[in-house]
Structure formats: C-alpha cells, structure tokens
Amino acid sequence: MGAAERVLHGILEKAKGLVHGITCGAGMPYRLGEIAAKYQVYYYPIVSSVRAFKALWKRTYQRISSYLLGGVVYEDPWLAGGHNGLSNSEDPELPQAPFERVAEIRSFMNEIGLSETPIVMAGGVWHLKDWEHWFDNLQIGPIAFQFGTRPLLTKESPISAEWKKKLLTLEEDDVFLNKFSPTGFYSSAVKNNFIRELQERNSRQIKFSENASEEFSSEFAMGSRGRKIYLTSQDKELANTWTKAGYTEAMKTPDTTVIFVTPGKFAEIRQDQINCMGCLSHCLFSNWKDHGDHSTGRKPDPRSFCIQKTLQNIIHDGDIENELMFSGHNVYKFKQDPFYENGYVPTVKELVERILTGY
C-alpha cells in the first residue's frame, strides 16, 4: 500500500494503548518490527515460506526484542484468497502441502529461540477437524488458524447481497490463481467476466520490434498516427485478424510486446492510468511508486488494471461479474457445507460457534 509506513506511524502515535498488534503482508515487511518496537506493540508478519521469514529475521527482526513478535502468519500461496506470496521458484500449477512448509518455518523458529511463538495457518482453513493432526504436534508447535473466506458469508459482512448469493453457487474450479495484479504478485480471484476479459486481453499479445529485421520483417501501423512497428509475418496475420474482429487498438507493454483491445477498452485503460491516485507503493499498471522520482522506470502495463478502482466498485456497486472478486480456493465449500443449506447466512456469533465444533 502507498504510504503504509506513514499511515502506521500516524495511527500508532495517536492511538497509543488501543492497538494490540499490527500485521502486514503482500510484500516483505522489513520495517514492521522496527515500527512495532517504537510503539511497543506486537507484530505479525505474513509470509508464504521459510525462506521469506528467514530473510525478514536476518535482515531486521533479530535486532528487535523477540517478545514483540506476536506470531508468524503463514499464508498458503496456493490456497489463500487475494494476493499471494508465490515466488518465482514455485509453480502456480503445482501446489505444495502446507504441513511441510509450516514445519520448515517452525524448525527455523526453534533454532532462533521462538519455539513458543505461535504460527497462524492462513489459507484453505474451513473445518478445524481437518487440521487435528496439527494439534500438539512438535513439528508444528503452537498453532492458530485464520478464517478468511467463511466470514464473508455472514449477516454482518459488508459485501453486497449479490456477492453473498454468488458465494453459495461457486464450484471447485471457479477460483483462478493469476498474475494480472498491478502489485506484481499472484492473486486468487473468482473467474468472472472481469478475469475472463484480462485472460483474453493477455492472449491477444505478440512480440514486436521498433526496427525491421530478418525476423521482424512485416510493417504494422499503430494507432491514429500510424506509428510503425515490425512484426513477424505470422504475427502480422494474427494482428490483422484481431483488427478485423474489432480489436483495433495496439498497446505497447514493458516487455516489447503489444496487446490488441477495442477502442472502448483502450479509452478505459488510458483514463484509469491518468486517474492514478498512488494507492500502491509500486504499481505496474500506472508505473507509480511512492518515493524517489515517483516512477518505477518502466512503461505502464496495459495487461493489468487499476486495483483501487475495481475494489471500490465491487464493494459499493456490487457488480460481481465485471469487477475483481477476490476469494480463497475453498470457497466452493459453501455450496457443499450443510451449515449453509437453503441459502442460510449465519451471524458472526453463529459462525464462530459452528467453527468451534470443528465443522
């Protein structure tokens, strides 16, 4: 998030004694421990691997009083909803079981004197009975569980009625782990029209060159000014096909490729980039960053989207088909779980009571 540190300092300074702890993820929160130590509150970093926690510990956390590390949140990159910390060395198509990954984190924590510090398992948690082999397990140690998806479907949940109804209809393959987010991270979202349009936009993509060569020998005119780029002969045929189908606007990406979109989508992308309000510390879609010269140094990427706009829209307008709809991968269990039979929507109190039964 843009200005995250400034926001944290402002809150903790003016709400002394009211905040128990702070947490941060979707990145490497190196400064989290330092900020927590200044205000004497607990901190709960969110990581997706032992490698990430080791880096945080060795770079900054080991210099902070360890008693302020309230817990380590392990957010499973293949199961959790929203942004996930899948690294470049991990395959999005080959999920790994969380037990071994959490056991690795615990092993390292034991080595550095954090054997009593709890780990919070986040992502893929539905029934506590499914995790019984984790209880009192020396490989896992003190463990807690985070429920992120189930509380969406409660009477107090602020999401729209349409969103809640949709949750009760989703199937097992309806959540898509994708890399369209302007954060640069993978994220998990429901496969609706919004996601499908991004998939199609990214599929209408070809390499280009600014100069003619033996490989890039076919001239192609871009935009109203007819700027020339050069394509392979095979890709020139694709470009002509897409243009005839109405995708007449070619947009350059930071990776020496162009994508083809309709004039309406072209205008929307450009307007969204112009409207950038700097909500992220680094944004691929608009090339904004919140420090230095305020530029990432790369071209804005039209294969992505304005995340602030779509998250605001789905909350306030409730358009669940044409906006980004984050969800954990276990969301299909709403349809299967007898607790939600006949469209039942519990209160938070009822949900917690149900969770404590193990179901």
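Helices here are DSSP runs of H or I with at least four residues, strands are E runs of at least two, and both are numbered from the N terminus. Before you go on, note that this is a predicted model, where local features need pLDDT of at least 70 and side-chain atom pairs count only at pLDDT 80 or more, while totals for chains, interfaces and linings use all residues. Residues are numbered from 1 along each chain as its sequence is written, and side-chain values use heavy atoms, leaving out hydrogens and water.

Now colour the buried residues of α4 (buried means under 20% relative accessible area, with a 1.4 Å probe and protein chains only). Among them are Phe 99, Val 102, Ile 105 and Phe 108. What do they pack against? Show β2, α3, β3 and β5, and you have the partners; contact means heavy atoms within 4.5 Å.

Next, the core. A nonpolar core is a set of buried Ala, Val, Leu, Ile, Met, Phe, Trp, Tyr and Cys residues joined through side-chain atoms within 4.5 Å. In the largest one, with 56 residues, Tyr 43, Phe 53 and Leu 167 touch the most other members. The largest share of this core, 6 residues, comes from α4. Zoom in on Leu 167: leaving aside residues up to four places away in sequence, its contacts include Leu 152, Met 325 and Phe 334.

Time for some rings. Phe, Tyr and Trp rings (six-membered for Trp) pair if their centres lie within 6.5 Å; planes under 30 degrees apart count as stacked, over 60 as edge-to-face and the rest as tilted. The structure holds 17 such aromatic pairs. Select Trp 134 and Phe 145, a tilted pair at 6.4 Å centre to centre with 55° between the planes. Trp 134 is buried at 1% relative accessible area, and Phe 145 is buried too, at 18%.

Last stop: Arg 204. Its charged end sits over the ring of Tyr 247, 3.7 Å from the centre. To count, CZ of Arg or NZ of Lys must be within 6 Å of the ring centre and within 35 degrees of the ring normal.

Methods:
Buried < 20%, exposed > 50% of the residue type's maximum accessible area, 1.4 Å probe, protein only.
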